[in-house]
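Subject: Structure handover

Dear colleague,

Here is the structure I said I would pass on. Please look through it alongside the notes below.

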Amino acid sequence: MRREETKKIQIGHVLIGGGSPVAIQSMTNTRTEDVGATVEQILQLESAGCEIVRCAVPTMEAACALGDIKRHIHIPLVADIHFDYRLAIGAIENGADKIRINPGNIGGQDRVRAVTDKAKEYHVPIRVGVNSGSLEKHLLDKYGGVTPEGLVESAMDKVHMIERMGYDDIVVSIKSSDVMMCVKAHELIADQCPYPLHVGITESGTLLSGNIKSSVGLGIILNQGIGDTIRVSLTGSPIEEIKSARLILKTLGLRKGGIEVVSCPTCGRTKIDLIGLANKVEHMVADIPLDIKVAVMGCVVNGPGEAREADIGIAGGIGEGLLIKKGEVVRKVKEEELLETLRQELLHWDE
Ligand code: SF4
């Protein structure tokens, strides 16, 4: 089902599915047992724009820490469980707003039922997560290896198992590091699954490759109206995941808000340190709550023309630059004063 048609699910105070805005998630990389470090990272994630956060729960100590962590944060907390159903029950009892399990690896239907019963009692949604690396042998045999069809069948088998246990507060995720397999699997499951989908490209790599794979994969999937929450998985700081996720949603027109910086690629005409300036501008605008476009262009030949589409821009000259607002050149500014001039303009922006 497309985004507008999926079942609406409540995770803490955040609604997903049923036409709700696509929610941005990330996962902490601190030890969950270390409450102080985990809370500190979650608060940083919140400031960056994270709306739902997931923590690994590998021990009962981590499950018990969730209650303490929740007291200090402001976004829903998801517990990520593998193998031990008792950890899922512990996480729910300690206040997890959602649990993520793979019903295929927590040891049989009785244990899935015990977790489902507890989730039902506490009204906690279950995210059924299936990864290409954990596809069951009978599906590998049936489809001749890992395929989109196999991933979808695996996920839907588990969804139906939980439905038969009388529960339908379900979110589904299918992850593969093969971007186009992931795309195909989402297209297939969207036709047969009424529940919200959490979308991400798993093990996508470090900053560059992770961002590119996630942008391509999430871009194709989200642009078809599929996907209710997203995570950009990066081998790096989770804060970077949030920045990337926001930019992906903004680029697709699924989010508004925040300053968009456009900058030229530089060329033989560039006579100022435009690369340095563009990076400083991007950093400087991150906390300014405006929904406008800022252009940072390298020269006065093409800069003003290219900056015309933006709300405000600078076009570099030799040791100076032009300040341009709504396509009109306002004044000349010395190169060393360009950044501060732009900052003052943005701080006193009047629509
Ligand atoms: S704006 Fe000027 S400096 Fe930048 S790429 Fe275009 S022509 Fe080159």
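The notes below go from the whole chain to single elements and residues.

This is a predicted model, in which local features need pLDDT of at least 70 and side-chain atom pairs count only at pLDDT 80 or more, while totals for chains, interfaces and linings use all residues. Residues are numbered from 1 along each chain as its sequence is written, and side-chain values use heavy atoms, with hydrogens and water left out.

Overall

The protein has 12 helices and 15 strands; helices (H or I, at least four residues) and strands (E, at least two) are DSSP runs, numbered from the N terminus. Its C-alpha trace spans about 75 × 45 × 30 Å along the principal axes. Of the 351 residues, 53% count as buried. Buried means under 20% relative accessible area, exposed over 50%, and partly exposed in between (1.4 Å probe, protein chains only). The exposed surface comes to about 15,600 Å², of which carbon and sulfur atoms supply 51%; accessible areas come from the Shrake-Rupley method with a 1.4 Å probe, and for residues only the protein chains shown count as cover. Among contacts (heavy atoms within 4.5 Å) between residues at least 6 apart in sequence, 63% join residues at least 24 apart.

Ligand surroundings

The residues around the ligand are Cys264, Pro265, Thr266, Cys267, Arg269, Thr270, Gly298, Cys299, Asn302 and Glu306.

Strands

Strand 11 (residues 260-263) pairs with strand 12 in the parallel sense over 4 bridges; two strands pair if DSSP finds at least two bridges between them. Val262 has Ala295 of strand 12 as its bridge partner. Strand 12 (residues 293-297) is largely enclosed by the rest of the structure, because 4 of its 5 residues are buried.

Strand 5 and strand 6 also pair in the parallel sense, over 3 bridges, and Asp80 stands opposite Arg100 in strand 6. In a regular strand the side chains alternate between the two faces of the sheet. In strand 6 (residues 98-101), Lys98 and Arg100 point one way and Ile99 and Ile101 the other, and all are buried.

Helices

Helix 1 (residues 35-48) has 14 residues and reaches 20 Å from its first C-alpha to its last, close to the 20 Å expected at 1.5 Å a residue. The expected span is 1.5 Å times one less than the number of residues. Its buried residues are Thr38, Val39, Gln41, Ile42, Leu45, Glu46 and Ala48. They pack against strand 3 (23-27), strand 4 (52-56), helix 2 (60-72), strand 5 (77-80) and helix 9 (238-251). Gly49 follows helix 1 and has a positive phi, near 115°.

Helix 6 (residues 148-164) has 17 residues that should span 24 Å, and its end C-alpha atoms are 24 Å apart, so the two agree. Among its buried residues are Pro148, Leu151, Val152, Met156, Lys158 and Ile162. The buried residues of helix 6 pack against helix 4 (109-122), strand 7 (126-131), helix 5 (137-143), strand 8 (170-175) and helix 7 (179-190). Gly166 follows helix 6, and its phi is positive, near 85°.

Lys118 lies in helix 4 and counts as buried because its relative accessibility is 15%. Leaving aside neighbours within four places in sequence, Lys118 is in contact with Ile89, Ile92 and Glu93.

Loops

Most residues other than glycine have a negative phi. Phe83 is not a glycine, yet its phi is positive, about 75°. Phe83 sits in the loop between strand 5 and helix 3 (85-93) and, at 62% relative accessibility, counts as exposed. Lys326 likewise has a positive phi, near 50°. Lys326 is in the loop between strand 14 (320-325) and strand 15 (328-334) and is exposed, with a relative accessible area of 53%.

Glu309, in the loop between helix 11 (303-307) and strand 13 (312-316), is exposed at 69% relative accessible area. The C-alpha atoms of Glu309 and Lys7 are separated by 39 Å, and the two residues are 302 residues apart along the chain.

Regards

Conventions: A residue is near a molecule or strand if one of its heavy atoms lies within 4 Å of it.
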